[in-house]
Amino acid sequence: MKFVFRFARYYFFFILGLSFLGCNTTRHLEGDDSFLIRNEIEFVGNKKIRKKRQLREELTRLYKQEPNGTTLLFVPKEHFYYKLLDTAGTSNFNKRLKQWQMRQFGEEPAIFDRDKTERTAQAIEYYLQNKGYFEADVEYFIDYRGKRNQKIIVTYEVGPKTRYLIDSVTYRSADPKVHAHLQKLKIESLLAPGQPVDQTLYADEVNRITAYLRENGYAFFQPAFISELSGDSTGTTVDIELEVLLPEADSLHQTFTIGDIHVYPGFNPNLPMPTVVDTLEAGLYFWSQDSTYAVKPKTILDNLSLHRDSLFRQTDYDRTYRQLNNLGIFRLVTLQESRDPDNPNKLNFNIYLQPNDRFEFGADAEINTSNSPFIGRLFGVSGGISLRHRNLLKGAELFVADVEGGVDLNLSNFDSLINTVDFTTNGNLYLPKLMDPFRVYRGLNKIGIISDKFYDNLNERASSRIGVGYNFLQRFNLYVINSLNTSFGYDARFPNGTRYRVNHAKIDYFSPRTTNYFDTLILNKNPFLQRSFDKQLFTGLLIRDFDINFNRRPNQFGESFNIGLQLEGSGAEVALANWVHNKINNVQDTFSLRTNTDTIQFSQYLRSQVDVRYTKRFNSKQSFALRFYTGLAFPFAYGDNVPYVKQFFAGGAESIRAWSAREIGPGGYRDPLTVENNPNPLLFYQSGEFKIELNAEYRFYMMELFGLRFEGALFLDAGNIYTLSPDPNRPLSHLRWTPDYEIIDGATVKVGDNFLQYLAVGSGFGLRLDVTYFMIRFDIGMKLRNPYPTLMEDGTERYWRDLSNFKLRDLNFGNIGLGYPF
């Protein structure tokens, strides 16, 4: 502990000394030069400003000159600039070294420039006028700081004054058909009375009109045909006039229908144009070199939304392009339109499809550390290979096969170096359409449960998936697990960033085999865990599980959101059949599969989880991330427990990083294996049916070295797991909403507390190494609050740790992973 405090003290004085050196950079200034150290915006006037925070954020982007940043969290970058600027008389090596240091730590000094300040004030004024503040006034004031007035703060005093509002809107055009369309569009105009006279709002309305006309046959209509924002004002209200101008080369705007469609499914720009043509239907021609096609023409035909003699619609054009791209078998899709020489109001289309490589091979490798249940701290090495076959059955099907293998090594005991062997193989066949054999989704759409828009998106964007997989896991001297799974479902990604993954039918077979050592050490003492090592069958024939992820891109404030919802169930159909059987035969049987030697149980449980993530990006070098996670699992019908592999655990690199995986909880229960001086530390296996967790992380740029970006992080984690019912083998593990009391020897004794009382809290520091294609993460966690109570000498219970007795071994260094933890 003394070493830690000594290091912290030296680091503090080191940074403090650099800070003083940084403050002395003014000695490099010449004449009347001064450093710009801050820009500020101050709103003046009595007028109330709507969305002031948003407006301020928008105005800060108009600065023409920004103050210097800092490095090492404190030291001004201009300090390193001056320190490294002089390379005279140094060797070539030292010159290159200083140039590298300059790129990493230095920055050209922000010497105050009055011209840039005036241009900033002018830009702010123009911006406000475009937002409807036509009388806006902007002035700047200079505040000199420092002993010799060599530091400057620029304050921009912004007086928006009155914002002009729309009183009325007039739509007109000399083209009578376009004029009629405009009158329909006016009903839902974005330029409604009372709205501000805003250039951005006007541009949105122009785009809305353009999209509507292109959706109604006006294939060559552009926003340039709509007049600029103009109108007459009365007081602070404006009468807006919007006019659609006539094209220069024609007296009217023309509408178009679809003519002939020529498809080139094997197009190669380096070869002569195909000469063999097949007419699939009137006006639809497929061109090839020899009348053979790598992909079935029907597959392409099913993804064409352009049809002969139909009115041109931009959505049909976009959907055709998007669906052909989504097939994944074409490297490049090109749609080229041209006017029909015999009918100028028809558009002929050439669709050029350049084939993608049919086969694609991949390989990856990974290293990690973990705390394995029953074994200890392990060093893991794993790798895998994958094969992608595009167009397997000539219908744009995608077949993906992968094989992965890994070992966990116990470097502290070379006599039994290999502790775990893990082997997995999976095969998935993706079909480029939604398979709905029982018309479930169509029926849900008919009765109004899912909207037409959702159903259309599902038909257009979903790909059906048929999968099979096998996993072999052996932990030497403990157990061997064989598992086999097969599934059918679909994946879909919608334009708004929402992703759906559904498994309609899925069956998993779980077959463990334990050793006598494992039974004696763990299972015989833990009935809840013992039941989880029975042979089990996880079934689902209608809906086995679904995963919905809502992802929202960063807004203008740098804020982004991600919400993940998952629901999983097993055994509903079996439970229903079991119930019907019992009712008919008036018995109390529980279905299972029996062989000559084993009984296989049908697992019956429901499991749900919610994962909410928020990220605030302050700038390119600083961000803040917040995550809330909760999960609930419980058995139903004839099930008496949730399988161990489906329960929740806390701790580890992706959870509460001050503790090892499965070390925390459940509730206020303290695993005897966590007691200091225990002969078998790190043998953790705790799990529960309910989990709650909160993680916060401040991320910041540190430096760039040899092309690698180093980032730091300060984090705070809190959470725990709980059982849904009392467990006599694990006291205080039960999820309680209020304290529980019992009368013992005539006295009222508290035997359990509110679940929040048992939250574990940890903090720490992280280092992230960004190597472009992936990020390596190292996190060091420190326990701040134990989830279990410690009885003090005065009889009180204590949860917060006494850091005065802190030792280096109290830190958890085992958090290594790839990417951000959330």
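Reply: Helices here are DSSP runs of H or I with at least four residues, strands are runs of E with at least two, and both are numbered from the N terminus. This is a predicted model, so to speak of local features asks for pLDDT of at least 70 and side-chain atom pairs for pLDDT 80 or more, while totals for chains, interfaces and linings use all residues. Residue numbers start from 1 along each chain as its sequence is written, and side-chain values use heavy atoms, leaving out hydrogens and water.

First, the setting. The protein has 14 helices and 35 strands, and its C-alpha atoms fill a box of roughly 95 × 85 × 70 Å along the principal axes. Of its 822 residues, 43% count as buried (under 20% relative accessible area with a 1.4 Å probe, protein chains only; exposed is over 50%, partly exposed in between). Among contacts (heavy atoms within 4.5 Å) with a separation of 6 or more, 64% join residues 24 or more positions apart.

Helix 7 takes in residues 199-214, and helix 6, residues 176-186, packs with it at an angle of about 125 degrees, the two axes lying 11 Å apart. (Those axes are lines fitted to C-alpha atoms over the stretch in contact, with angles from 0 to 180 degrees between N-to-C directions.) On the helix 6 side, the residues that meet helix 7 are V178, H181, L182, K184 and L185. Helix 7 answers with R208, I209, Y212 and L213.

E215 sits in the loop that runs from helix 7 to strand 7 (231-234). Is E215 buried or exposed? Its relative accessibility is 18%, so E215 counts as buried. Setting aside neighbours within four places in sequence, E215 is in contact with F312, R313, Q314 and T315. Two of these partners deserve a second glance. The side chain of R313 makes a polar contact with the side chain of E215 at 3.2 Å (a pair of N or O atoms within 3.5 Å, one able to donate a hydrogen and the other to accept it within protein; residues adjacent in sequence count only if both atoms are side-chain atoms). With Q314 it is the backbone nitrogen that takes part, 3.3 Å from a polar atom of the E215 side chain.

For contrast, look at R594, which belongs to strand 24 (residues 592-594). R594 counts as exposed because its relative accessibility is 63%. Its side chain makes a polar contact with the side chain of S592, at 3.3 Å. From R594 to Q195 is 399 residues in sequence and 72 Å in space, C-alpha to C-alpha.

K161, in the loop between strand 5 (151-159) and strand 6 (165-173), has phi near 60 degrees, a positive value in a residue other than glycine. With a relative accessible area of 45%, K161 is partly exposed. N477 also has a positive phi, near 70 degrees, and is not a glycine either. You will find N477 in the loop between strand 18 (463-475) and strand 19 (479-493), and at 57% relative accessibility N477 counts as exposed. Finally, the peptide bond from G665 to P666 is cis, its omega near 0 degrees. P666 lies in the loop joining strand 27 (622-635) to strand 28 (690-705).
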